[in-house]
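Student: I'd like to learn how to read a model like this one. Can we go through it feature by feature?
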Amino acid sequence: MKQGKLAGLAGVLAMVAAAAHADVTLSLGQAGQGGTTVIQVHAGMARLSDTAASDYLVFFSRRPRLIQVDPDEGIYLEIDRQLLERQARLLADVRSTMEARLQEMRRQLDSLPPAQKRIVEQQMGDMLAPGESGDAVRPPPLSTRIQAHDEVAGIPCQRYEVYQGREPVSRLCLAKAADAGVSAADYHTLKAMMDFLGDLYARMGRMAPVTAAPGIMAAGGLEGIPVAVDDLREGRHYRLQAVGRKPLQDSLFSGYRTLRRSDLTALPAPDS
């Protein structure tokens, strides 16, 4: 009798554990064009891919790191917090050095006779404009404005408009994890990936080795599952097409290990 009770308890615990870590696949398709963005979450890992491309991202939440995989080239790149900090410091040094050099060039330009100065300014164009070196690398911060409630694919969601500086760049509709059928554990993994990608872009801007897929970089610490994304810059419109709950294989998240590891291309030293 005691053994039967223990077996029953083990079964209940197994079902609870399975519910807490249930795999999920979110498919967001473009309206009448392009491929489908696929987000797969499994056991503390997330995979981000597009059916129109072969490359993909894998994120590990337990020791946060992002893997950019390029099967066509047979390589992958691993980015963790330590590497991100190192590259961010190097970028800051490069920006500081470039700005110092531009300031010296401006001083030299001001010492020229007016006619010669105009000729040099025409030749150099906007190269000597203040702040050019920093603005070209680091984008303005993202901010959000809350909009109305909505419903997408039968799922209630909250709409937001995302700005970069003063420019509107996207519109999102974010659903609560429970409303989208995503477990708390899987949402925690997905949110960790969003935060990591947002940090990567904020620190490195266009120098970042990867670009976040639509809806992944929700600004301002927004909470929720992206069920609708309007990319205002590219004119692309994504809508949630399906939520899958079939178990996912570990190989989806570990298959990149058969490829060759590549190092992040080093930035030029500040004094080069």
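Student: Which side chain does Arg-233 meet in a salt bridge?

Tutor: General idea: side chains of opposite charge can pair when their charged atoms come close. A salt bridge here is a side-chain nitrogen of Lys or Arg within 4 Å of a carboxyl oxygen of Asp or Glu. In this predicted model, Arg-233 meets Glu-167, at 3.1 Å from N to O. Arg-233 sits in the loop between strand 10 (225–231) and strand 11 (236–244), while Glu-167 is in strand 9 (residues 167–175), so the pair ties together parts 66 residues apart in sequence. Strands (E, at least two residues) and helices (H or I, at least four) are DSSP runs, numbered from the N terminus.

Student: Which residues do salt bridges with shared partners join into one network?

Tutor: That network consists of Arg-63, Arg-65, Glu-78 and Arg-261. Arg-65 and Glu-78 meet at 3.5 Å, N to O; Arg-65 belongs to strand 5 and Glu-78 to strand 6. Arg-65 counts as buried at 13%, and Glu-78 is buried at 13%. Glu-78 also bridges to Arg-261, with the closest N and O atoms 3.6 Å apart, and that pair spans 183 residues, from strand 6 to strand 12. Arg-261 is partly exposed at 47%.

Student: How many strands does the open sheet have, and in what order?

Tutor: Two strands pair if DSSP finds at least two bridges between them. The open sheet has 12 strands, ordered 7-8-9-10-11-1-2-3-4-5-6-12, with mixed pairing. Its edge strands are strand 7 (142–152) and strand 12 (260–262), each pairing on one side only. Strands 5 and 6 run antiparallel, joined by 6 bridges, and Val-69 stands opposite Tyr-76 in strand 6.

Student: Which residues have the most contacts inside the largest nonpolar core?

Tutor: A nonpolar core is a set of buried Ala, Val, Leu, Ile, Met, Phe, Trp, Tyr and Cys residues joined through side-chain atoms within 4.5 Å. The largest has 41 residues, and Leu-26, Ile-39, Val-182 and Ile-225 have the most contacts inside it. Helix 5 (residues 184–204) gives the most to this core, with 7 residues. A second, separate core of 10 residues includes Tyr-76 and Leu-248.

Student: What should I know about the numbering and the values?

Tutor: Residues are numbered from 1 along each chain as its sequence is written, and side-chain values use heavy atoms, leaving out hydrogens and water. Local features need pLDDT of at least 70 and side-chain atom pairs count only at pLDDT 80 or more, while totals for chains, interfaces and linings use all residues.

Definitions and conventions. Buried < 20%, exposed > 50% of the residue type's maximum accessible area, 1.4 Å probe, protein only.
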